[in-house]
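Subject: Structure for you to look at

Hello,

Please find the structure below. My notes on what was found in it come after.

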Amino acid sequence: MFDHYDLLDDLNKPLPLRDKIVSAHHSVQDKFSFISRIAIALYDTKTRILKTYMDSSGEDKPLIHYQAPLDNAPSLKEILAKGLPRVVNNLVTFENGTNEHTQRIGRQGYAASYTMPIFHSGEFVGFLFFNSHESDVFTENVLSILDIYGHLIALMVVHELSTLKVMSAAIKTTSGITHLRDPETGSHLDRMSRYSRIIAESLADQYDLNDAYIEHIFMFSPLHDIGKISIPDSILLKPGPLSEEERSIMNTHASKGRKMIDDIVANFGFGNLSNIDILRNIAEFHHEAINGSGYPVGKVNDEIPLEARIIAVADVFDALTSSRPYKEAWSNERAFNMLKQLAGEKLDSDCVYALIENQQKVELIQQQFKESVYS
C-alpha cells in the first residue's frame, strides 16, 4: 500500500525555496528530459527593472547577476501586455536579438523556451522560464503538464515573497503601535536598499554570491534600523548631539532589532524563510566597524557578516548625501572621498569601492528617488 514514491515529496519539507525548485525540475525531467533549466526573474514596480532571482541550473547559468529595464525587452513586455504565456520552439528566430539577455541565452545553446508571467492578486510579480537545448519540444501535450508545474512553482515563489511582505508589515506595524518615529525617510530606504544591491552585485563574483542572496540583501536592507522603535523619542528625535548616556541607549537599537526579528520570526512561523539569517545579521551588525570599534559586539574584519558590511556602506553614503535638519547634503564626490577615508578602518574596503566604481548607477538611483517636501 505504501510502495508509491511521491516525486514532489521535497515540497513538503522545510527546505529553502531553491532546493524545492530544483526538486520540481527533477520531477519535470522524469517526464520531459529535454527541460534543461527552470528560472525565475522578479519585477521591481518602482523602477520597472526585471532582475534574475533563482534558477534550477547546475553549471548551466547563462543569466546570473543580471537586471534590465522591462522596456528594453519588447518580447517579454508583450507577454505582460497580453497576460499570456509564450512558446518559442526555435530560438533561432531570436538569434539576431540585440538585448544582452537574448544573446546570453543564445550563447548557452538553448533552442526553445516557454515563458509564463507570474501574477499575484492581479499584480505582476515576474516571469517563469522553462528552457530546452532541443527545438520543437513544447507541444500541446507537454505544455499541458508544464502549466501545472509552472503554476505550482509560481505559487511557491509568491508564497515566499508574500511571507516576506507579511514579516515586513508586522515589523512596521509594531513600529506604528509604539508611536515612535525614526527620522529617516522612505526615499532614504529606497535609495540605500538599491545602493546595497549595487554593492552586492559588484561583489558577486569575488564572494560567490547567488541572485537570491543579492535579492534578499535588497529586500531586507530597509529593515536595518528596526530596533530604533524601542528608543525613546527624547533621544531618537533629539536635534542636537547626544550625551554619552544617550548615545549608549541609542546604540542598543542594534541588539534590540535582532531580538525583535527573532521574536517575530518565532511568533509568526517565519523560520523556514530562505536566508532569514541575512535579516538577523543586517539588524544586529550593521554598526560594527572593520577595526573593532563598532557595536554591539566589537567584531573585526571578516567576523562581520558580509551583508552587514554592505548595508553599512550604503547607509553611510546616503546619510552623507542627504540633507538633515542639522546638515546640508554632501556632494557625491565629497561623500566618496569620506568613504575612502573610512575604508579599512570603519567600513569594508571592497564594499566601499564597489559603490564608488558604480557612480552612474548611484546617480540614476538618486534621480529616481529624490527627497520631496512630503518625505
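In helix α11, Asp277, Ile278, Asn281, Ile282 and Phe285 meet Glu307, Ala308 and Ile311 of helix α12; contact here means heavy atoms within 4.5 Å. By class, this contact has five nonpolar, one polar and two charged residues. The nonpolar class holds Ala, Val, Leu, Ile, Met, Phe, Trp, Tyr, Cys and Pro, the charged class holds Asp, Glu, Lys and Arg, and the others, Gly among them, count as polar.

This is a predicted model, in which local features need pLDDT of at least 70 and side-chain atom pairs count only at pLDDT 80 or more, while totals for chains, interfaces and linings use all residues. Residues are numbered from 1 along each chain as its sequence is written, and side-chain values use heavy atoms, with hydrogens and water left out.

Two packed helices are described by the angle between their axes and the distance between the axes. Helix α11 covers residues 276-285 and helix α12 residues 306-320; their axes come within 8 Å and cross at roughly 50°. The axes are lines fitted to C-alpha atoms, for helices over the stretch in contact, and the angles run from 0 to 180 degrees between N-to-C directions. α11 and α12 are therefore oblique to each other. Angles under 35 degrees count as roughly parallel, over 145 as roughly antiparallel, 65 to 115 as roughly perpendicular, and the rest as oblique. The crossing of α11 and α12 is right-handed. A crossing gets that name if the near helix is turned clockwise from the far one by less than a right angle, and is left-handed if anticlockwise.

Nine of the 10 residues of α11 are buried, so the helix is mostly covered. Buried means under 20% relative accessible area, exposed means over 50%, and partly exposed is in between (1.4 Å probe, protein chains only). Among the buried residues of α11 are Ile276, Leu279, Arg280 and Phe285.

In helix α12 you will also find Ala314, which is buried, with a relative accessible area of 0%. Leaving aside neighbours within four places in sequence, Ala314 is in contact with Met192, Tyr195, Ser196 and Ile199. Ala314 and Val352 are 38 residues apart in sequence, and their C-alpha atoms are 8.6 Å apart in space.

Helix α13 (residues 332-342) and helix α14 (residues 349-356) pack at an angle of about 160°, with their axes 9 Å apart. That makes α13 roughly antiparallel to α14. The crossing of these two helices is left-handed. Phe336, Leu339 and Lys340 of α13 make the contact with Val352, Tyr353, Leu355 and Ile356 of α14. By class, the contact has six nonpolar, no polar and one charged residues.

Which residues does Ser27 touch, not counting those up to four places away in sequence? They are Leu7, Leu8 and Tyr149. Ser27 is found in helix α1 (residues 17-31) and is buried, at 2% relative accessible area.

Helices (H or I, at least four residues) and strands (E, at least two) are DSSP runs, numbered from the N terminus. Of the 375 residues, 51% are buried.

Regards
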